[in-house]
Amino acid sequence: MNKVALAARHAANYVLQQTHLKTGLSVGKPTYVYAALVQRCHLKCAHCNFWNMPYDRHREMTTEQWFRVTDELVDWLGQGARIQFTGGEPFLRPDVMQILRHAVEAGALAGVISNGTLLDERKCRELAEMGLFNINFSLDGFSPATHDRIRGVDGAFDKTCQTIRRINQFRVAARSDTKLILKCVMMGINAAEWVNLAQYAQDEGVTGVLFQPLQQNFGEPGRNDWHINNPLWFSDEQLPAVDEALQQLIAMVQNGYPIMNSVEHLESIRHYVRNPIREMKTGETCEVGITNFNIYDDGGVSLCYKMDIIGNVKYNSPEAVWLSHEARERRSEILACREECLITCQLKRGLIERAKLFMTLMGS
């Protein structure tokens, strides 16, 4: 894949997206596609309700439907389309390896997000050598006591770390360009281990670690008081240590550690942990309506995971859903929203920051 041509296409699309913000013309295309293969999970995470919600597996799209949708996405967005397969836990599907391989062969920059506890040595090798753009693993602490408490299952930490090590060894041996990324949800109970995680990423030689502050549990109705009395939230007594940990992370970013958050984002987290219900600064707008395309397990599509769906790719093409009346209405709602959101899949990135991230991810 020609990296220069791909970078030029992304830059041109960024200009079109900004044109949409200024004029309302739907001339751009999404930058990121998030495809939730399932909305179920075998872990019992304290910060997610997927494992505890009623669920009908018959609602999930079939293998063939995912193949078709993937092909339509690449035809629409072009070779190098960014498609991130996620869940729930995607490896609960027996056909997940087929879906991932099809996306790679179709020409997508395909990635997968997992908790890493269901992968044996054979699957680790296959993933490392498949040609995926990235593999992300959730690691919410640097000790079994912390990670397993958050994930709700004993032994999860050891299994995830074993998977990370195996895949890293296989991708290095195969001289694979696949990026290996760790993701940590920041909470009061794991704040003392953030710096250790960043050091672990450096020592293991993974591509990077991405920190995301705690949000309201997935699957819950939106509430402004969700953090109050939440045992995972940051207590007043923890805030000095949280500030110190954030300052250390900022220094590590500046010293070249593989932390994928910007200094600006880490600084924003310092304010967020004191008040997560904050409005954006005057003049700022949320861009998720022009950058993100979220496909759920049943084919439903949203632009923001907090808002209603805009269509379904089982019945219409992704492009038709993107250009629909419902999509235009939802973009208007998103532009009117003033909530400051620090979830990493919805981070607003300027052209320069996008270019830096592109160079990091596309480099060797």
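**From strands to cavity**

Modeller: Let me begin with one unit: strand 5, helix 7 (residues 194-204) and strand 6 form a right-handed β-α-β unit. Please keep in mind throughout that this is a predicted model.

Colleague: Why is the unit of strand 5, helix 7 and strand 6 called right-handed?

Modeller: The word applies because, with the strands pointing away from the viewer, the path from the first strand over the helix to the second runs clockwise. The unit made by strand 5, helix 7 and strand 6 is assigned that hand, and so are two further units, namely strand 2, helix 3 (residues 96-106) and strand 3, and strand 3, helix 4 (residues 121-129) and strand 4.

Colleague: What makes strand 5 and strand 6 a pair?

Modeller: Two strands pair if at least two bridges are found between them, and strand 5 and strand 6 are joined in the parallel sense over 6 bridges, so they count as a pair. Within that pairing, Leu182 has Val209 of strand 6 as its bridge partner. Strand 5 also pairs in the parallel sense with strand 4, over 5 bridges, and there Ile135 stands opposite Leu180 of strand 5.

Colleague: In what order do the strands lie in the open sheet, and which are its edge strands?

Modeller: The open sheet has 9 strands in the order 6-5-4-3-2-1-7-8-9, with mixed pairing. Strand 6 (208-213) and strand 9 (311-312) are the edge strands, since each of them pairs on one side only. Strand 3, by contrast, is joined to strand 2 (residues 82-86) by 4 parallel bridges, and to strand 4 (residues 134-138), again in the parallel sense, over 4 bridges. Arg82 has Leu109 as its partner in strand 3, while Gly111 has Asn134 as its partner in strand 4.

Colleague: Why is Gly78 called buried, and where is its place?

Modeller: Gly78 has 17% relative accessibility, and because the limit is under 20%, Gly78 counts as buried. Its place is in the loop between helix 2 (63-77) and strand 2. Leaving aside neighbours within four places in sequence, Gly78 is in contact with Arg9 and Leu73.

Colleague: Which residues touch the most other members of the largest nonpolar core?

Modeller: Of the 85 residues in that core, they are Phe85, Leu127, Trp194 and Ile295. Not counting residues up to four places away in sequence, Leu127 touches Phe91, Met97, Leu100, Leu119, Leu132, Ile135 and Ile167.

Colleague: What makes the largest cavity count as a cavity, and which residues line it?

Modeller: The term is used for a space where a 1.4 Å probe fits but cannot get out. With a limit of 30 Å³ or more, the count comes to 1 cavity, and the largest cavity holds about 50 Å³ of space. Its lining consists of His20, Ser26, Val27, Gly28, Ile290, Trp322 and Arg331.

Notes
Residues numbered from 1 in each chain as written. Predicted model: local features only at pLDDT ≥ 70, side-chain atom pairs only at ≥ 80, totals over all residues. Heavy atoms only, no water. Helix = DSSP H or I, 4+ residues; strand = E, 2+ residues; numbered from the N terminus. Core = buried A, V, L, I, M, F, W, Y, C linked by side-chain atoms within 4.5 Å. Buried < 20%, exposed > 50% of the residue type's maximum accessible area, 1.4 Å probe, protein only. Contact = heavy atoms within 4.5 Å. 1 Å grid on protein atoms, 1.4 Å probe; cavity = no way out; pocket = protein on both sides within 12 Å on 5 of 7 lines; lining within 4 Å. Points joined across faces, edges and corners; volume = space filled by probe spheres on them.
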